[in-house]
Amino acid sequence: MQVQVNTNHSIEGREALERWAQAEVSQTLQRFSQEITRVGVHLSDENSGKAGASDKRCLMEARLANHSPIAVTHHAPGIDEAFRGAEGKLKRALDSTLDRLKQHRDRDSIRKDTSALTQPE
């Protein structure tokens with residue numbers, strides 16, 4: 001699983017933040033590593049010059065092998081809170097999506113084996 005972290009120009013300490021975010025995402029989503037090809041993390045300060053209530057945003061997108069990507073976003077007063085909120089949302093979304101896919105694959109077919117009915121005795 002590849003983790004890419006992107007920040008906008010108004011985020012301070014970008015290199016350390018990127019290393020920390022990569023480690024956190026890798027650890028949190030480790031159990032999904034076989035299904036995920038890449039995770040994109042986008043951290044931004046939407047009102048870079050001004051202080052605001054919830055102006056920090058984290059967008060996370062998980063690319064799944066042979067499936068549509070899953071994207072979540074979270075706004076918060078701080079980068080850490082925005083990151084943790086988006087990380088939790090992404091984990092829950094992956095749990096839900098991959099569980100549904102697994103249940104779909106594990107179901108028995110509604111079509112019965114009709115070969116025994118059509119073969120002559």
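Eight salt bridges are present in the structure, a salt bridge being a side-chain nitrogen of Lys or Arg within 4 Å of a carboxyl oxygen of Asp or Glu. The model is predicted, so local features need pLDDT of at least 70 and side-chain atom pairs count only at pLDDT 80 or more, while totals for chains, interfaces and linings use all residues. Residues are numbered from 1 along each chain as its sequence is written, and side-chain values use heavy atoms, with hydrogens and water left out.

One of the salt bridges links Asp-80 to Arg-84, with 3.6 Å between the closest N and O atoms. Both residues belong to helix H2, where they are four residues apart, about one turn of the helix. A salt bridge also joins the side chains of Glu-87 and Arg-84, at 3.9 Å from N to O. Glu-87 and Arg-84 are three residues apart in helix H2, and therefore about one helical turn separates them. Through salt bridges that share partners, Glu-24, Asp-80, Arg-84 and Glu-87 form one network.

Asp-80 is partly exposed because its relative accessibility is 41%, and Arg-84 is partly exposed at 39%. Glu-87 has a relative accessible area of 8% and is therefore buried. Glu-24, at 19%, also counts as buried. Glu-24 is located in helix H1, which covers residues 14-28. Residues up to four places away in sequence aside, Glu-24 touches Phe-83, Arg-84 and Glu-87, where contact means heavy atoms within 4.5 Å.

Another salt bridge connects the side chains of Glu-61 and Arg-63, at 3.5 Å from N to O. The relative accessible area of Arg-63 is 31%, so Arg-63 is partly exposed.

The chain contains three helices and four strands, taken as DSSP runs (H or I, at least four residues, for helices; E, at least two, for strands) and numbered from the N terminus. Along the sequence their pattern is β-α-β-β-β-α-α. Strands S3 and S4 pair in the antiparallel sense over seven bridges; two strands pair if DSSP finds at least two bridges between them. Lys-56 has Ala-76 in S4 as its bridge partner. Five residues lie between the strands in the hairpin of S3 and S4, and in this hairpin Asn-66 takes a positive phi near 65 degrees.

The largest nonpolar core has 26 residues, of which Val-41, Met-60, Leu-90 and Leu-94 touch the most other members. A nonpolar core is a set of buried Ala, Val, Leu, Ile, Met, Phe, Trp, Tyr and Cys residues joined through side-chain atoms within 4.5 Å. At least two residues of this core come from each of strand S1 (2-7), H1, strand S2 (36-45), strand S3 (56-64), strand S4 (70-76) and helix H2 (79-106). H2 supplies the largest share, seven residues. Neighbours within four places in sequence aside, Leu-90 is in contact with Leu-29, Val-39, Met-60, Ala-62, Ile-70 and Val-72. In soluble globular proteins, nonpolar side chains tend to be buried together.

Of the 121 residues in the chain, 32% are buried. Among contacts with a separation of 6 or more, 52% are between residues 24 or more positions apart.

Conventions: Buried < 20%, exposed > 50% of the residue type's maximum accessible area, 1.4 Å probe, protein only.
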